[in-house]
Amino acid sequence: MAADVDAESPSATLSPIAVLTLIGGAFLPILSFFIINVALPTIGTDLDASKAELQLVVGTYGIANAMLVVVGGRLGDAFGRRRLFLIGMAGFTLFSLLCGLAPNIEALLVLRIGQGALAALMTPQVLATIAATLTGVSRVRAVGMFGAAGGIGAAVGQILGGVLVSADIAGLGWRLVFFVNVPICLLVFIAAIVIVPETKAVDRLAVDGVGAVLLGVTLVFLLLPLTEGRALGWPLWTLLMLGAVVPMALLFGGHQRRTERVGKPALVPPSVLRLRGMQIGLTIAVAFFASFGGFMFAFALATQGEAGMSPLEGGLTYLPLAASFLIVSIYNAALQERWGPSIIARGWALQAVGYTSCGIVLWSLWPNIGPLTLAIPMFVIGFGSGLVMMPLFGVVMAQVPAEQAGLGSGILITTQQTCISLGAATVGTFYLAVSTSSLGQGGALAVVEFAIAAIAIVAVPFSLRLRRS
């Protein structure tokens, strides 16, 4: 059995197999977020679900995960990260199975909330355990693998979803996108019991319950109306919730400052957010995950719309992106050693080239596109995205003391999950609005690509400030 170690004075390290086991806890939640996209039409037909309900199948998972991931990180710091990882993995396995057995859309929505919540207990323990047990090149490599898991999970989710829905094994159809989690989760769970060491903070900090509620309400007020508003025609309640986001965020921020001022553990300590590297890193994270999430969402809508791709063809279009993510993950440590923090700026520059190239191909050839015509732009996008995402986790985590590794991990993953959902909602709404104009779906998707390329260009000089952080 794995030994127990304290975060501040690690006496054990992670074997390569243990690192891979933990990375499974980062891969599976992202896979589950994206694999559902290509199954939504089948779910709608089978369960007689409206478009608004189908959006909630995605939205409830993301909202529950974003709400609770910081709490999950805090709980891991206090009670043991392997313990929380195992609880999260066991619950995620159970809820994946139940989602696949859901008899109606109402049951599926409730179960997706549970699936997202249990993922929030599991995921922050991955980075926190890596930070507590590894140093030097081993830590850089492991953190890079964590970043790769997010990108590869997003791409593989689209690919695997298309394959499973098209295969329709035993007539299970969309249910397979949930059942596929179960055997993988069981393997990861058993491996974690045997080879992952327990780590925790030396000083157990209480969880800021009021802060957790305020953060959760703020995220619900932001993400729920953005997820449902377009499908429902923007009813009054969606506008009221959006209008309350800023006051709720200010209330949460004020509570965090007061809590830290009196010496109590804040959920998201302002002192941590004031670290210069943390501020720059989180700003880059917001731009990256929002644009990447928006791209994946709009691309799936367009290619399976006017372009007439099947779920399988649409999924295979992401294969070059997944391949380039994998390549970057293999050479991530060497690239960081050679280029240092400037690797992130280089990644943004490559993304600008990739998104621009993709937009040009779409503008020129639409709707006669397919996996082959988009292979090179998608490969470049994936390579550039990997150069941003993988080092970024390490840059942010390096700013957080070891005893607060779960906190730093939770903040970063909350940013990731929130911005992926936010990007899908905002970019998706923009795409759908433009697609009804004379540009059509192809022109709208090209405009989205050009807009993300512009964000990448702006991000290049900003990312270079990490040199001085």
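Helices (H or I, at least four residues) and strands (E, at least two) are DSSP runs, numbered from the N terminus. The structure shown is a predicted model, in which local features need pLDDT of at least 70 and side-chain atom pairs count only at pLDDT 80 or more, whereas totals for chains, interfaces and linings use all residues. Residues are numbered from 1 along each chain as its sequence is written, and side-chain values use heavy atoms, with hydrogens and water left out.

View 1. Phe299 is found in helix H14, where its relative accessible area of 0% makes the residue buried (buried means under 20% relative accessible area, exposed over 50%, and partly exposed in between, with a 1.4 Å probe and protein chains only). Once neighbours within four places in sequence are left aside, Phe299 is in contact with Thr317, Tyr318, Cys358, Leu374, Met378, Leu445 and Glu449, contact meaning heavy atoms within 4.5 Å. The C-alpha atoms of Phe299 and Ile360 are separated by 14 Å, the two residues being 61 residues apart along the chain.

View 2. Rings of Phe, Tyr and Trp (its six-membered ring) pair if their centres lie within 6.5 Å; planes under 30 degrees apart count as stacked, over 60 as edge-to-face and the rest as tilted. By this rule the count comes to 11 aromatic pairs. For Phe288 and Trp348 the ring centres are 6.1 Å apart and the planes stand at 75°, so the pair is edge-to-face. Because Phe288 lies in helix H14 and Trp348 in helix H17 (residues 342–365), this pair ties together parts that are 60 residues apart in sequence. Phe288 and Trp348 are buried. Phe292 and Phe325 form an aromatic pair that is also edge-to-face, at 6.3 Å centre to centre and with 70° between the planes. This pair links distant parts of the chain, with Phe292 in helix H14 and Phe325 in helix H16 (residues 319–339), 33 residues apart, and both Phe292 and Phe325 are buried. Phe288, Phe289, Phe292, Phe325 and Trp348 form one aromatic cluster.

View 3. On a 1 Å grid over the protein atoms alone, a cavity is a set of points where a 1.4 Å probe fits but cannot get out, and lining residues have an atom within 4 Å of a point. Grid points are joined across faces, edges and corners, and a volume is the space filled by probe spheres set on the points. The structure holds three cavities of 30 Å³ or more, and about 50 Å³ of space lies in the largest cavity. Phe33, Phe34, Asn37, Val58, Gly293, Met296, Phe297 and Ala424 line the largest cavity. Helix H1 (16–35) and helix H14 (276–303) each supply at least two residues of this lining, and H14 gives the most, with three residues. The lining of the largest cavity divides into six nonpolar, two polar and no charged residues (Ala, Val, Leu, Ile, Met, Phe, Trp, Tyr, Cys and Pro count as nonpolar, Asp, Glu, Lys and Arg as charged, and the others, Gly among them, as polar).

View 4. Ser32 is found in helix H1 and is buried, with a relative accessible area of 3%. Leaving aside neighbours within four places in sequence, Ser32 is in contact with Tyr61, Phe92, Arg112, Gln115 and Asn181. Ile344 lies in helix H17 and, at 0% relative accessibility, counts as buried. Not counting residues up to four places away in sequence, Ile344 touches Ile284, Leu387, Val388, Pro391, Leu392, Val395, Ser463 and Leu466. The C-alpha atoms of Ile344 and Ala459, which are 115 residues apart along the chain, are separated by 9.3 Å.

**View 5. Backbone features in two loops.** A cis peptide bond, with omega about 0°, joins Trp366 and Pro367, and Pro367 lies in the loop between H17 and helix H18 (375–397). Asp168 lies in the loop between helix H7 (136–167) and helix H8 (176–179); phi of Asp168 is near 50°, a positive value in a residue other than glycine. Ala170 is found in the loop between H7 and H8, and phi of Ala170 is near 55°, a positive value in a residue other than glycine. Asp168 counts as partly exposed at 38% relative accessibility, whereas Ala170, at 72%, counts as exposed.

Technical notes
1 Å grid on protein atoms, 1.4 Å probe; cavity = no way out; pocket = protein on both sides within 12 Å on 5 of 7 lines; lining within 4 Å.
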